[in-house]
Amino acid sequence: MKFPVNKFRKFVAITTVFALFATLAVGFDVRPAAAESLPNTGAPQGFALTKVTGGLFGGVAAQFAPDGRIFVAQKDGTVKIYKNGQVLPTPFYTVQNVNNYVDRGLLGLTLDPNFAVNGYVYLLFTYDNNPSNIAGPKTGRLIRVTAQGDTAVPGSERVLLGTNVGNSVQTSCNDFAVTSDCLAADSLSHAPGSVLFGPDGKLYVTVGDGAGYDDLDMDALRSQYMDSLAGKILRINSDG
């Protein structure tokens, strides 16, 4: 994938100087903020903590179904259902080829507004196109599966975004045309993250820039390139 590098060099220079000025002027601290200490009760004033269930590993997203069940996405690609006071032992669905390294994984889950009729469940994750190099560049994918009772219908998976996920040779969206249907996940963070329905009935999908977070990375500039899906909030029809 080729970018107008000369134009972007000026952009990088300006933004770098601005960031340096902000750091010197206000003493900006890039370290993560410490977690706020809660009262001994474990909850802020006016709230109460109630344990609903255990038996989950790396839960990152949850959605209520109209019948009260809770669909929970685990980072490793497993989707479980909480029903009648317990997590069901049989997973609703296990997404294949999930890269669960550092900040990557199955991060997004939502149910169709018409779920009671169509049973559609949408899942957004980092695709592991080269399992022999778990820390290497990856891509992302948004899929839809259909629920039938407490499990997904076998063979119902449909790819909505991320048809170009690459392979052990073409591991990055940079290996495809800039207009390609490819979701960037080159670094250990800034990967595809959330998927939700808007009031307009459209799907809103967040895709990180796929760039490194600890150094200047030219891949961050893909966010400024309108033909690239990297670093965007995408709005799509529910069928992709």
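Predicted model: local features only at pLDDT ≥ 70, side-chain atom pairs only at ≥ 80, totals over all residues.

User: Fine. How many helices and strands does the protein have?
Analyst: Two helices and 14 strands. Both are DSSP runs numbered from the N terminus: helices are H or I with at least four residues, strands are E with at least two.

User: And how much of it is buried?
Analyst: Of the 240 residues, 41% count as buried. Buried means under 20% relative accessible area, exposed means over 50%, and partly exposed is in between (1.4 Å probe, protein chains only).

User: What about the accessible surface?
Analyst: The total is about 13500 Å², and 56% of that belongs to carbon and sulfur atoms. Areas come from the Shrake-Rupley method with a 1.4 Å probe; for residues, only the protein chains shown count as cover.

User: Which residues touch the most others in the largest nonpolar core?
Analyst: Phe71, Phe92, Val121 and Leu123, out of 24 residues in that core. A nonpolar core is a set of buried Ala, Val, Leu, Ile, Met, Phe, Trp, Tyr and Cys residues joined through side-chain atoms within 4.5 Å.

User: Which strands supply it?
Analyst: Strands E2 (70–74), E3 (78–83), E6 (106–111), E7 (120–127) and E8 (138–148) each supply at least two residues. E7 gives the most, with four.

User: Why do such residues gather inside?
Analyst: Nonpolar side chains tend to be buried together in soluble globular proteins.

User: Zoom in on Leu123. What is it in contact with?
Analyst: Skip its neighbours within four places in sequence, and the partners include Val79, Tyr93, Leu106, Leu142 and Val145. Contact means heavy atoms within 4.5 Å.

User: Which residues are in the second core?
Analyst: That separate core has 13 residues, including Tyr122, Leu161, Val207 and Leu234.

User: Val207 sits on a strand, I think. Which way do the side chains point along E13?
Analyst: They alternate along E13 (residues 203–207). Leu203, Val205 and Val207 point to one face and are buried.

User: What does E13 pair with?
Analyst: E13 pairs with E12 (residues 195–197), antiparallel, over three bridges. E13 also runs antiparallel to E14 (residues 232–236), joined by five bridges. Two strands pair if DSSP finds at least two bridges between them. Leu196 stands opposite Tyr204, and Val205 has Leu234 as its bridge partner in E14.

User: What lies between E12 and E13?
Analyst: Five residues; the two strands form a hairpin. Gly201 in the turn has a positive phi of about 80 degrees.

User: Which other residues have a positive phi?
Analyst: Among them are Val102, with phi near 55 degrees, and His190, also near 55 degrees. Neither is glycine. Most residues other than glycine have a negative phi. Val102 is in the loop between E5 and E6. His190 is in the loop between E11 and E12.

User: New topic: how many salt bridges are there?
Analyst: Seven. A salt bridge is a side-chain nitrogen of Lys or Arg within 4 Å of a carboxyl oxygen of Asp or Glu. One of them joins Asp150 and Lys83 at 2.8 Å, N to O. Asp150 lies in the loop between E8 and E9 (151–152) and Lys83 in E3, so the pair ties together parts 67 residues apart in sequence.

User: Lys138 and Asp128: buried or exposed?
Analyst: Both are buried. Their closest N and O atoms are 2.7 Å apart in a salt bridge.

User: And Arg222 with Asp186?
Analyst: Their side chains meet in a salt bridge, 2.9 Å from N to O. Arg222 is buried, and so is Asp186.

Key: Residues numbered from 1 in each chain as written. Heavy atoms only, no water.
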